[in-house]
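User: Could you walk me through this one? I'd like to start with the sheet and then look at some helix packing.

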Amino acid sequence: MLLKYFYDRALAQAAYMIGDQDTGEALMIDPARDVTPYLEAARAENLTITQVAETHMHADFVSGSGELADRTGARLYLSGSGGAEWAYGFGGDGAVLLHEGDHWMIGSVRIDVLHTPGHTPEQLVFQVTDTQTTDQPFGLITGDCLFVGDVGRPDLLETAAGVVGSSEEGARQQFGNVERLKALPDYLQVLPGHGAGSACGKALGSLPSSTLGYEKRVNPAFQFSSADDFAAWLRADQPETPRYFSQMKRVNKAGAARLAGLEAPLPMEGVFLSEILKNGALVIDSRADGTNAHVPGAIHIAAGDRFSSYAGWFIDYSAPTYLIAGTDVIDDLVCKLRAIGVDDLPGYFPPEEVEYLSVELPVISVEEAARQIDAGALVIDVRSVSEYAEGHIDGSRHVFYGTLAEQLGDLPRDVPLVIHCATGVRAQIASSLLMKEGFQNFASLEGGLEAWEKAGMQIEKA
């Protein structure tokens, strides 16, 4: 048996390839939209992808299952366990619908199906056994049921899809899943669908895998004996639900458009940018050259690993999105946006085309910020609610960057505002939004809270 691990840092998302090298067949589990890495890996291992499976209907990225099946002719294995409301709308009669107790083979490798609703109604866990070696299972591909150090959040149907009351039911189902997992052998490998940074849980570990025995010892979810206590713990302190999650549920239920049918954005002349901004289109300024150069009216999201996660808070899927980006990063940014279903990308502006429109986003040093705070400036902490709870600058106000637009009316315009996050990227996003909305007396803290602490400044600890 061959097992390969694929990890998308932008989405903190894992996919798995299971292959039988004797038969030359391979199964892909939970592929992302860009299937190129899987095809290249299969060729390198002299394998043909003949099967594609999903643990559940994803909320945080566009699934590549349909794309990969089209490209390879592979058979789809999809959950049929979520009821009519959570049935897949693609795959047709050729898809195998999976339920509790089902199993199938990929060469000599056996995949057994465990239905583990809680994160979502259709969520499955796949138990993997290399029958050529043993009749004992090797491990569990757990999707978003179980993570390293955490379990999948139960509230996404409520917060992203509007299914009122589903959070409590999902939490209790997750308790049942944990109790079931407690009875399985400690040696089983745990291969989760996400790592640290994913919004599908609240405290995911950064290790790519674990064992069930280790999780039983250290994962907080395994320490409860009461369903009531477990549900209260699981529902508390979950991170903000990214706005784009609701769109991903719709896309992944129906099936995504194929990448080959999408037009690449074209380079545009800067003369068109002002009119585009005037018409209200979203323009993302992705420059990350350290100069803080920015076009007023755009949202500033610096190119980087978390680009798509940040951008997902501001995308209007019914309207076009434009980019300010260099030719060295445009392809990567387009790929990251396509990964969260942003397909309407008519064009982009090379930085040299918009230099004459650019200003500097205001930045303030730790020392100057401390002086302004002593003089009455208000600190705006735009990190997540859990980060704020762990420690923050005394007297600061928490306003999450992703929902800042809805809270602008609560911010004063007659006192200086010091904006900060952990290192500066999210504060830059927030600052660009303030500039877009006409705020004038603000600046982002250079280096963020990390620089503040490094300079010996105090913070309020939880």
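Analyst: What follows takes the sheet and then a pair of helices. This is a predicted model, in which local features need pLDDT of at least 70 and side-chain atom pairs count only at pLDDT 80 or more, while totals for chains, interfaces and linings use all residues. Residues are numbered from 1 along each chain as its sequence is written, and side-chain values use heavy atoms, with hydrogens and water left out.

User: OK, what order do the strands of the open sheet come in?

Analyst: The 6 strands run in the order β1-β2-β3-β4-β5-β6, with mixed pairing. The strands at the edges, each pairing on one side only, are β1 (2–8) and β6 (96–98). From one strand to the next the twist averages 25 degrees. Strands (E, at least two residues) and helices (H or I, at least four) are DSSP runs numbered from the N terminus, and two strands pair if DSSP finds at least two bridges between them.

User: And β3, how many of its residues are buried?

Analyst: In β3, 4 of the 5 residues are buried, so the strand is largely enclosed by the rest of the structure; buried means under 20% relative accessible area, against over 50% for exposed and partly exposed in between, with a 1.4 Å probe and protein chains only.

User: Which sense does β3 pair in with β2?

Analyst: β2 (residues 13–20) and β3 pair in the antiparallel sense over 5 bridges, and Met-17 stands opposite Met-28 in β3. These two strands form a hairpin with 4 residues between them, and Gly-24 in the turn has a positive phi of about 75 degrees.

User: What about β3 with β4?

Analyst: That pairing is in the parallel sense over 5 bridges, with Met-28 standing opposite Val-52 in β4.

User: Switching to helices, how do α4 and α6 cross?

Analyst: The axes of α4 (residues 166–182) and α6 (residues 227–235) come within 9 Å and cross at roughly 120 degrees; axes are lines fitted to C-alpha atoms, for helices over the stretch in contact, and angles run from 0 to 180 degrees between N-to-C directions.

User: Which residues of α4 meet α6?

Analyst: Among them are Ala-171, Phe-175 and Val-178 in α4, and the α6 side includes Phe-230, Ala-231 and Leu-234, where contact means heavy atoms within 4.5 Å.
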